Every structure is written in structure tokens, then in C-alpha cells.
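Here's a quick briefing to read with the model open beside you. Could you take a look at the fold before going through the notes?

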Amino acid sequence: MQQEHFLIELPQLSNLYDEQKMWEEKDLYDHHVNERYGVECWQVPIPTNIKHNLNLDIMSKEPIGWLMHKFEHARLEPHIDTDRDTIIMFPHSPKKYEISYLDDLENQNVIFTHQYKCPTLLNSKIPHTVFDKGIDRVFFQISLFIKDYSWPVFPLLNN
């Protein structure tokens with residue numbers, strides 16, 4: 001299968017916010033720990049430069065920004081996103097790591113792997129995981145809720 005079945009890179013969203021400032025200001029916002037996925041999550045505002053690029057007309061509700069810290073001792077377990085339609089992932093640290101898509105949640109055979117290089121729109125309705133036990137990760141993601149969801153999500157960005 002082609003990459004576009006699983007994800008779409010969005011390099012045009014690179015460098016539109018200050019990652020360090022987001023990290024430094026995280027404690028101003030509500031947060032929680034999700035033990036199942038081994039992450040601490042802060043609900044942060046979506047940077048204006050990014051939000052202006054999103055086509056909000058196709059959204060059923062406002063997108064939500066999350067700053068995430070995945071603990072080194074944990075692993076992002078295989079899953080399908082059920083509470084949102086899709087996400088845009090912005091890796092902070094490390095900048096490059098892989099997401100793996102799986103045939104299903106039972107067998108968990110890898111059918112596609114991608115190394116992040118830039119912000120990326122994920123087809124999160126396909127089982128996916130990150131083999132990240134032993135890796136301390138920080139990333140920003142935007143949860144998107146689409147009125148008439150289908151993959152790929154177009155027109156996601158304003159021109």
C-alpha cells in the first residue's frame with residue numbers, strides 16, 4: 001500500500017511555533033497522566049500560526065492541542081483512535097522515530113512503517129503503535145474532528 005493510505009506529511013506546518021516555549025509553559029494548562037499509554041498530557045492551545053492553516057469549516061468541533069511526554073519505561077500500545085477522527089503529529093524530541101501500522105490489534109503484524117521527518121497527518125483509524133520502550137519522547141499533536149470523515153482528509157489545510 002502507498003504511504004498516503006496511512007499518513008500525509010505536512011512540511012508546510014514545520015517551524016510555525018516555539019517548541020521550547022510550549023514545553024516551558026505546559027504547567028499553565030490542565031494535564032493528566034494516562035497510565036495505559038505511559039504518557040503525561042497537557043491540553044495546550046494550538047499555536048495561532050498553525051490554527052490559521054487549518055480549514056475549520058470541515059471540522060465538527062474545535063481541534064484540541066496536546067503536548068505529550070511519553071515515559072521512557074512505557075510503550076505506546078497498539079491502538080485505534082476512537083475519540084477523534086485523525087491527528088497531526090509534531091515530533092519534538094527525538095525529532096525522528098518510527099510509527100508502525102499493523103494488520104490488526106490481535107496479530108499485530110507490521111504492514112507499514114514511517115519515520116517522522118516533519119508534522120504528519122495520521123490515519124489513526126488503522127491499528128498503529130510506536131515501538132518506543134526505552135525512548136523518552138516529547139511531541140505535540142492536534143486532535144481533529146471532521147464533519148464528514150473519510151480518509152484522506154481534504155481539504156484539511158487552507159491554501
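Met-22 is buried, with a relative accessible area of 9%; buried means under 20% relative accessible area, exposed over 50% and partly exposed in between, with a 1.4 Å probe and protein chains only. Keep in mind that this is a predicted model, where local features need pLDDT of at least 70, side-chain atom pairs count only at pLDDT 80 or more, and totals for chains, interfaces and linings use all residues. Residues are numbered from 1 along each chain as its sequence is written, and side-chain values use heavy atoms, with hydrogens and water left out.

- Met-22 lies in helix H2, residues 19–24; helices (H or I, at least four residues) and strands (E, at least two) are DSSP runs, numbered from the N terminus.
- Not counting residues up to four places away in sequence, Met-22 touches Tyr-17, Val-44, Pro-45, Pro-47, Leu-67, His-92 and Phe-140, where contact means heavy atoms within 4.5 Å.
- Leaving out residues up to four places away in sequence, Phe-90 touches Leu-13, Tyr-17, Ile-50, Pro-119, Phe-139, Phe-140 and Ile-142.
- Phe-90 and Gln-141 are 51 residues apart along the chain, with 5.8 Å between their C-alpha atoms.

- S2 and S3 pair in the antiparallel sense over four bridges; two strands pair if DSSP finds at least two bridges between them.
- Across that pairing, His-31 stands opposite Trp-42 in S3.
- The hairpin of S2 and S3 has four residues between the strands, and Gly-38 takes a positive phi near 65° there.
- S3 also runs antiparallel to S4, joined by six bridges, and Val-44 has Gly-65 in S4 as its bridge partner.
- S3 is mostly covered, as five of its six residues are buried.

**Nonpolar cores**

- The largest nonpolar core has 25 residues, and those with the most contacts inside it are Ile-88, Leu-121, Phe-140, Leu-144 and Leu-156; such a core is a set of buried Ala, Val, Leu, Ile, Met, Phe, Trp, Tyr and Cys residues joined through side-chain atoms within 4.5 Å.
- S3, S6 and S11 are the elements that give two or more residues to this core, and S11 gives the most, with four.
- Another core lies apart from it, with 19 residues, among them Phe-6, Cys-41, Trp-66 and Leu-122.
- Setting aside neighbours within four places in sequence, Leu-144 is in contact with residues including Leu-54, Met-59, Arg-84, Ile-88, Leu-121 and Leu-156.

**The largest pocket**

- The largest pocket has a volume of about 520 Å³; on a 1 Å grid over the protein atoms alone, a pocket is an open set of points where a 1.4 Å probe fits, with protein on both sides within 12 Å along at least five of seven lines, and lining residues have an atom within 4 Å of a point.
- Grid points are joined across faces, edges and corners, and the volume is the space filled by probe spheres set on them.
- Of the 28 residues that line this pocket, Tyr-37, Met-68, Asp-81, Arg-84 and Gln-141 are the closest to its centre.
- S11 gives the most to this lining, with four residues.
- The lining has 16 nonpolar, seven polar and five charged residues, where Ala, Val, Leu, Ile, Met, Phe, Trp, Tyr, Cys and Pro count as nonpolar, Asp, Glu, Lys and Arg as charged, and the others, Gly among them, as polar.
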